[in-house]
Amino acid sequence: MPHARQRWLVPLEPLFPLLVIGAVGTVMRWGVAKYQKYENFGKPKRWSVDRWDRRMMERDSRLTGNVNFQRAEIEAPQAFLTNSAWELERPFM
Amino acid sequence: MTTHREGTFVEGLWVEPAQLSSETAPSVAEVGCTSAPLESMAFHFASFCKKYNDDFVKCKNESQDPKHCLKEGRKVTRCALDLIGKLKENCDAQWTKHWECLDMNNHTLFKCRKEEKEFNDCVFKRLGLTKVIPETAEGATPIHLKEQPLYK
């Protein structure tokens, strides 16, 4: 029986499935990053947020309305003295 | 019920209706910067307002009551407002670039060393402040000045 013919000297054929898996993974990571940027007004999501960061982000939301917006003014708006980040819930039960 | 959960059927945020009394009302405006600009100017604030900060910390060490340290707190706020005004006047572009970079990188300082260097140079030239990291070992380069921080 004749030997099966080998196509190339170094076998590259097994690498094609790996490239496909790599491409799918890259598209997945790109898609997740794009969706997070869309949700967070063009910025990546904050990660490893500890208690300090949570309190600072709450202060940011009181100053600018959303945790993703930053402002660098000298003085705070007058509403900052009395506003809060506590949600008012309508009683339903 | 004291369980922490997100509100369902949320209708707005709580606004404090009671006016501030004259003894708790601040006679100085609150600082209007959010977290990224404050983080980038933190070390310069430490050296610019050192004496007021030390007074405030000493006062807080005496008692944790908020009413006890209002006067020292107002001095710190006034100094911070002064510094922010000076930064906006002198180094606005470099400061903005640095805190925008921080904003995109999860507020980690090590990702924005280039912008930080430009900002520190501008601040040193115009205002004479250097960034000093307290408690660095004697003779060791501070981490923000190391050329290759990932190597020993």
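Colleague: Why is A:Arg90 called partly exposed?
Modeller: A:Arg90 has a relative accessible area of 40%. Buried means under 20%, exposed over 50%, and partly exposed is in between, with a 1.4 Å probe and protein chains only as cover, so A:Arg90 counts as partly exposed. This is a predicted model, in which local features need pLDDT of at least 70 and side-chain atom pairs pLDDT 80 or more, while totals for chains, interfaces and linings use all residues. Residues are numbered from 1 along each chain as its sequence is written, chains are lettered from A and ligands numbered from 1 in written order, and side-chain values use heavy atoms, without hydrogens and water.

Colleague: What makes B:Glu11 and A:Arg90 a salt bridge?
Modeller: Their closest N and O atoms are 2.8 Å apart. A salt bridge needs a side-chain nitrogen of Lys or Arg within 4 Å of a carboxyl oxygen of Asp or Glu, so this pair qualifies. The pair crosses between chains, with B:Glu11 in strand S1 (residues 10-13) of chain B and A:Arg90 in the segment after strand S2 (87-89) of chain A. Helices (H or I, at least four residues) and strands (E, at least two) are DSSP runs, numbered from the N terminus.

Colleague: How many salt bridges are there over all chains?
Modeller: The search of the whole structure finds 10. Among them is B:Asp82 with B:Lys86, whose closest N and O atoms are 3.4 Å apart.

Colleague: How do you know that B:Asp82 and B:Lys86 are separated by about one helical turn?
Modeller: Because they are four residues apart in helix H4 of chain B. B:Asp82 has 38% relative accessibility and B:Lys86 has 29%, so each counts as partly exposed.

Colleague: What does the salt bridge between B:Glu118 and B:Lys97 tie together?
Modeller: The closest N and O atoms of B:Glu118 and B:Lys97 are 3.6 Å apart. B:Glu118 lies in helix H6 (residues 113-127) and B:Lys97 in helix H5 (residues 92-104) of chain B, so the bridge ties together parts 21 residues apart in sequence. B:Glu118, with a relative accessible area of 35%, is partly exposed, and B:Lys97, at 48% relative accessibility, is also partly exposed. Salt bridges that share partners also join B:Arg113, B:Glu116 and B:Lys131 into one network.

Colleague: Where is A:Leu12 found, and why does A:Leu12 count as partly exposed?
Modeller: A:Leu12 is in the segment before helix H1 (15-39) of chain A. A:Leu12 counts as partly exposed because its relative accessibility is 37%.
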